[in-house]
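Let's take a walk through a protein model together. Keep the picture open beside you as you read, and look for each part as it comes up.

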Amino acid sequence: MVKIVSRKALNTQIVYDIGLERDHNFVIKNGLIASNCFNKSHSTAYGYVTYQTAYLKANYPLEYMTALLTANSGDKDKVQKYIATCMNMGIQIESPDINSSEVDFTPADGKILFGLSAIRNVGENAINCILEARETEVFKSLADFCDRVDLGTVNRRTLQSLINCGAFDKINSNRNQLTQDLELVYDWAQSRARDRASGQGNLFDLFGGAWSGDSAVKNPAMNAVLSPPKAKEVPDLPPQEKLRMEKELLGFYVSDHPLKSIRKSTRILSPINMTQLKSQGEEAKVCVVVILNNVKKVITKKGDPMAILQIEDLTTTGEAVVFPKIYERINQVLQVDAKLIIWGKVDKKDDQAQLLVDDAEPVENVELVIVEMTPQQAATIEEHHRLRTILKDLQDQSNEKEKGKVPVIGIIQGENSRQMVRFGRQYWVQDSTTAIMALHNGRFFARIQSLMLKS
């Protein structure tokens, strides 16, 4: 922090940049420093660009966020942050669509479509082939798609990736059925392509049209002969498996997110998200609600096990460290894909912020103690003191201060209003049932609510 104590004109001087990482401070004669040399024209240009982007975001949010996602498509952290921003703005991000998606992110019908270039195993040549085949007519089915594209360019692996990321969902949302059909349809389409290439023609051509043409439709018997093969009907994949494959192929959860359904409830526990960790002070105590992507077990020099966690919330991914004593206590809950609330301290290193874990708990196990109050109670100092005393007594009885895991939430219910008050961590309790009994004895109306109620 630099305070300007005086200003003095020194005319033209030779300056030396002392090379700070973010600010340009220049040493001049007599040890004086010209701080943040940022001329007026430069400031004006930045101000003008800022005004333009603010105007576009306010008046054309869909187009602006689409452009922002496309411009930063190579930066996974930024894309995830902007996807979360879109969610907060009410803009839906959809999985790639074989009939609508372009190369990059595309605005369509008030939503933003993922581009085909975002899909793993789908190369530039395959995308060009798909877009060219689509110019004349949209694809009506998986068989129609395989029959019209060059299967030498759009190979079996590419097709499987397109199915698994949801690109065919608007044609057939049963991805498992599409996978089973692909085994048969791919060979069928290759056979048709070989016949066309050899100039021999095939049964379809003899009847004067493709398998989906008018002649086949008008003749049911012919249609039965000419229809592409189809596998036996199978049930769709579980939603969790679909999400896992989306994440693997796109790098993000798109059609849904494991934490999305409880995002409002989790804000009660975690008022900050992971992108805001950098703005917290060193060793600041925080808690975050995350999904656990990976657990790397490490053995210390003393032979004690610890772990490095890869965690993710709706805004970004990050890292958390579990030292041996904590690992011994919580290792059973550290399972990949588990939804956890993690308490810890912020550790900053090389301009990056990570969590040093103090405790963790599966979100499914987290309960809230809800204390309902009238506006009259909320406005009475004596009532405040009485409530605080009850909660502090519960902490003292547990003999584990600062270790309460059950959040206490106040709800002030007026005639035409409802306001939530989040109690600090020092007022959280160890046992919800004991807390409810104590609050009832103190003439407060209280109840237990699961955090996992969808919001």
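Start with a pair of residues: Val 371 stands opposite Gly 410 in strand β13. This model is predicted, so treat each position as a computed one.

The two residues belong to a pairing between β12 and strand β13 (residues 408-413), which run in the parallel sense and share 5 bridges. Now find the other partner of this pairing story, strand β15 (residues 445-450), which is antiparallel to β12 and joined to it by 6 bridges.

Is strand β12 largely enclosed or open? Of its 7 residues (367-373), 5 are buried, so the rest of the structure largely encloses β12.

Next, turn to the cysteines. How many disulfides does the structure hold? The number is 0. Take Cys 86: its relative accessibility is 0%, so it counts as buried. Cys 129 has a relative accessible area of 14%, and because buried means under 20%, Cys 129 is buried too.

Which residues make a nonpolar surface patch? Tyr 51, Tyr 55, Leu 56 and Tyr 60 do, and the patch covers about 450 Å². To find Tyr 51, look in helix α1, which spans residues 40-59. Its relative accessible area is 57%, and because exposed means over 50%, Tyr 51 counts as exposed.

Definitions and conventions: Residues numbered from 1 in each chain as written. Predicted model: local features only at pLDDT ≥ 70, side-chain atom pairs only at ≥ 80, totals over all residues. Heavy atoms only, no water. Buried < 20%, exposed > 50% of the residue type's maximum accessible area, 1.4 Å probe, protein only. Helix = DSSP H or I, 4+ residues; strand = E, 2+ residues; numbered from the N terminus. Pairing = 2+ DSSP bridges. Disulfide = S-S within 2.5 Å. Patch = residues over 30% accessible without salt bridge, like charges linked within 9 Å, V, L, I, M, F, W, Y side chains within 5 Å. Areas by Shrake-Rupley, 256 points an atom, 1.4 Å probe, with all protein chains shown as cover. Salt bridge = Lys/Arg side-chain N within 4 Å of Asp/Glu carboxyl O.
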